[in-house]
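Please open the structure in your viewer and keep the sequence panel beside it. This tour tells you what to select at each stop and what you will find there.

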Amino acid sequence: DNIAASVNNGFVYFHRGPRGEDGNISFDPENTPFPSLFHYNDKISPDDHPILGFDGNETFASRNGLYVLKANIQQGHDVHSVLEDFTAWNVQVGAALSYTAHYTLKDFDLVGNDPGRANIGINFGTNISDVTIVDSNIENFDEGIRLSKSFTVGASKDEHEYIVVNPTFENVQNELSRYNPEYDRVLSTDDLPYLKPDIELDGPLTYKAGSPAPDTRKILIEGTKTDSLGETDFPTGWDNFTVGWQDTIDQLENEGYYTTSEGQEYFMMDIFFSDRLNGDIYLERHPVFLENVKFSAPSHYSKTPYNGVQDFGVEGDPTIDSAILWATLTDGQPVLTDEALALQAEDEEQHADVVADDSML
């Protein structure tokens with residue numbers, strides 16, 4: 001509910017700067033609703049965090065209504081930035097995005113100031129991937145939505161993943177600039193399949209300790225996602241969800257590990273993802289099977305709590321392989337569902353029990 005008038009850029013998310021202390025200020029993910037999304041790393045960049053809370057803003061008499069330029073198209077997770085109910089009028093460009101991915105733009109009402117000056121309603125620049133535009137109203141521009149397909153990283157055009165739902169245009173010379181039906185989808189509400197949100201992984205998640213090599217000291221998350229817009233690769237667009245060595249250690253120290261009755265060691269990983277149409281956030285929880293991990297000191301993994309014996313498919317199984325609705329967006333803010341709050345309380349209780357057992361030992 002902010003208003004920006006007579007400026008170059010009405011609202012700006014600019015996540016660039018020098019490396020080190022003079023660069024972007026990192027922050028503790030414990031201050032966010034989902035620290036496990038960042039594998040409990042104690043410092044994360046604002047570039048990796050989705051934009052949540054952009055709602056009801058307005059720009060007028062400005063060059064750009066909204067401008068987003070992040071540092072890296074890869075954010076490493078599938079929680080979408082959701083920007084909604086945005087108004088920009090008497091502007092040259094309504095909204096411009098570059099070097100970023102995983103966005104849902106909802107209810108953008110954009111009015112240009114002077115057709116004939118190469119004005120654009122929504123402009124996708126370089127390195128854009130996995131963006132959905134829903135219920136946009138675009139008026140008085142030379143180009144309505146510019147679906148540019150330019151990567152500096154050698155990716156293919158089908159990894160842009162642009163979807164436009166229910167757009168309306170008035171006095172726009174080129175409604176969908178650079179539209180290519182081979183790669184882009186323009187849909188109406190009646191076209192949508194509204195599939196049940198879910199993640200189907202390509203195989204079990206594993207982490208193998210040992211000397212650095214192509215198949216060790218990392219967890220590769222790949223699969224297929226379904227949501228209101230249908231089926232897509234997971235991750236969608238040009239991103240990769242690879243959990244490295246340090247993030248795995250941080251996760252183990254916070255989550256602890258289990259063994260099955262047959263001696264297989266594993267820990268649980270939260271996998272969040274968003275419905276591309278409405279931005280609702282879902283959660284699944286999958287085991288990561290461990291190989292060659294030594295928990296006894298001296299070891300990088302020696303601070304990992306032990307959660308005890310727990311088999312799969314029996315009482316106490318922590319797996320959540322059928323997605324639960326974790327949060328909805330209300331007035332631009334994520335609001336946790338009752339099921340998510342109950343799960344958090346259960347996790348906190350289990351963590352307290354494990355800490356108590358360790359202190360007695």
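**Stop one: Glu 143**

What you see is a predicted model, in which local features need pLDDT of at least 70 and side-chain atom pairs count only at pLDDT 80 or more, while totals for chains, interfaces and linings use all residues. Residues are numbered from 1 along each chain as its sequence is written, and side-chain values use heavy atoms, with hydrogens and water left out.

Glu 143 is found in strand E10 (residues 143-147); helices (H or I, at least four residues) and strands (E, at least two) are DSSP runs, numbered from the N terminus. Is Glu 143 buried or exposed? With a relative accessible area of 12%, Glu 143 is buried, since buried means under 20% relative accessible area, exposed over 50%, and partly exposed in between (1.4 Å probe, protein chains only). Now display the side chain of Arg 146, with which the side chain of Glu 143 makes a polar contact (2.6 Å); such a contact is a pair of N or O atoms within 3.5 Å, where, within protein, one must be able to donate a hydrogen and the other to accept it, and residues adjacent in sequence count only if both atoms are side-chain atoms.

**Stop two: the nonpolar cores**

Next select Leu 66, Leu 105, Phe 108 and Ile 122, which touch the most other members among the 29 residues of the largest nonpolar core. A nonpolar core is a set of buried Ala, Val, Leu, Ile, Met, Phe, Trp, Tyr and Cys residues joined through side-chain atoms within 4.5 Å. Several strands each supply at least two residues of this core, including E4 (58-69), E7 (120-124) and E10, and the largest share, six residues, comes from E5. A second, separate core of 24 residues includes Tyr 207, Ala 209, Phe 234 and Phe 295.

**Stop three: helix H1**

Move on to helix H1 (245-255), whose buried residues are Thr 248, Ile 249, Asp 250, Gln 251 and Leu 252. These buried residues pack against several strands, among them E16 (205-208), E17 (219-221) and E20. Just after H1, select Gly 256, which takes a positive phi of about 75°.

**Stop four: the largest pocket**

Finally, select Tyr 40, Glu 255, Arg 285, Asp 347 and Glu 348, which lie nearest the centre of the largest pocket among the 34 residues that line it. On a 1 Å grid over the protein atoms alone, a pocket is an open set of points where a 1.4 Å probe fits, with protein on both sides within 12 Å along at least five of seven lines, and lining residues have an atom within 4 Å of a point. The volume of the largest pocket is about 840 Å³; a volume is the space filled by probe spheres set on the points, which are joined across faces, edges and corners.

Which element gives the largest share of the lining of the largest pocket? That share, eight residues, comes from H2, the helix that spans 338-360.

Notes: Contact = heavy atoms within 4.5 Å.
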